Amino acid sequence: MTIQSGIAERIMVALDYAEAADARKLVESLKGIPCYMKVGMQLFYSAGPGFVAELKEKGYKVFLDLKMHDIPNTVKGGSESVTRLGVDMFNVHAAGGRAMMEAALEGVDKALAGGSGVKPLVIGVTQLTSTSRIVMNNEIGIAGAVEDAVIRYAKLAQAAGLHGVVASPLEVTQLKAACGPGFVTVTPGIRPAGAAIGDQSRVMTPPEAFAQGTDYVVIGRPITAAAEPRAALEQIIESIH
Ligand SMILES: O=c1ccn([C@@H]2O[C@H](COP(=O)(O)O)[C@@H](O)[C@H]2O)c(=O)[nH]1
C-alpha cells in the first residue's frame, strides 16, 4: 500500500518492550513507514540511550516518554541529559509545577549551549489516560471533571513555556480552545474500533482522535500485540483517510 507520510508522521508507535531485540524486530517490520517512535521507561531502563541513538541513525523522530517529576534542579539535569541524546520530544509531569517545568527548559538550553544541535519539544503530562474521573476524584483527591484538571495543567504548562501536553483525545477540542491551535497535543488512549481497552480509561479511535484536531496519537498494544504489526499500522493509517 502507499503510505501517506503526513498521517504516518503523526502516529507515535509506543515501543513498550523489555528487550531491545524485540523492539528492534518491531522497528524492522515497520521499515519504510515514517512514523514517530516512542521510547518509554520499560525500554529505556533496559536498553538505555544506545537504543535512542539506533532509532536516530535509522532516521526516526523519537519521543522519549520518561515523564520526569522531581525537584527543579534534578529535572533540569535530566532534561539537559536527554536533550544531548538528540530526542525530538520529551515530557515532564505538569503536576511538578511551574518552576520544575521552567527548569526543564533551562536544561534544554544548557545542552544546546553546549553544542547539542536538536531542540526538542518539551511536553507536559496532564492526567494519565488511564485515569478515570472516579479515580481522580476519590483516589488522587482532585475534585471536578477530568477535562477541567487537564486544562488547568495545560495552562500551567503553557505559562511555563512548554510546547504542549499529553492528554486524552477527549480533551483536545477544549485544549486547543484554551491554549490555542499551536499548542501541541500528544494523545495516547487510542483504540481502533473493537480493540481491547486494557488499562486505558479515556479512549478514542484513531480517526476520531484526528477529527478532534490532535497533533499526534500514541499507539502501543493495538500495533505491538497484533499478529501482524505492520498490517495493523497500515490499517490504522487507512482508517484515518
Ligand atoms: O497519559 C498517558 C501518557 C502516556 N501513555 C503511554 O502511551 C502508550 C500507550 O500504549 P497503549 O498500549 O496504546 O495503551 C504507553 O507507552 C503509555 O506509557 C499513556 O498511555 N497515557
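The chain contains 12 helices and 8 strands. Its radius of gyration is 17 Å, close to the 18 Å that the globule rule gives for 241 residues, so the chain is as compact as a globular protein of that length. The model is a predicted one.

Some overall values for the chain are set out below.

| Property | Value |
|---|---|
| Box filled by the C-alpha atoms, along the principal axes | roughly 45 × 45 × 30 Å |
| Buried residues | 43% of the 241 residues |
| Contacts joining residues at least 24 apart, among those between residues at least 6 apart in sequence | 69% |

An unreviewed UniProt entry annotates residues 10-236 as "domain: Orotidine 5'-phosphate decarboxylase".

The ligand is surrounded by 14 residues, of which the closest are Ala14, Thr129, Pro188, Gly220 and Arg221. By type, the shell around the ligand consists of 7 nonpolar, 4 polar and 3 charged residues.

Ile33 sits in the loop that runs between α2 (20-29) and β2 (36-40). Ile33 has 17 C-beta neighbours inside 10 Å and therefore counts as partly exposed, since a buried residue needs 20 or more and an exposed one has 12 or fewer. In sequence, Ile33 is 202 residues from Gln235, yet their C-alpha atoms are 12 Å apart in space.

Note on methods:
Residues are numbered from 1 along each chain as its sequence is written. This is a predicted model: local features need pLDDT of at least 70, side-chain atom pairs count only at pLDDT 80 or more; totals for chains, interfaces and linings use all residues. Helices (H or I, at least four residues) and strands (E, at least two) are DSSP runs, numbered from the N terminus. The radius of gyration is taken over C-alpha atoms; the globule rule is 2.2 Å times the number of residues to the power 0.38. Two residues are in contact if their C-beta atoms, placed from the backbone, lie within 7 Å. A residue is near a molecule or strand if its C-beta atom, placed from the backbone, lies within 6 Å of it. Ala, Val, Leu, Ile, Met, Phe, Trp, Tyr, Cys and Pro count as nonpolar, Asp, Glu, Lys and Arg as charged, and the others, Gly among them, as polar. UniProt positions are given in the numbering used here, feature names are shortened, and annotations may be inferred rather than shown by experiment.
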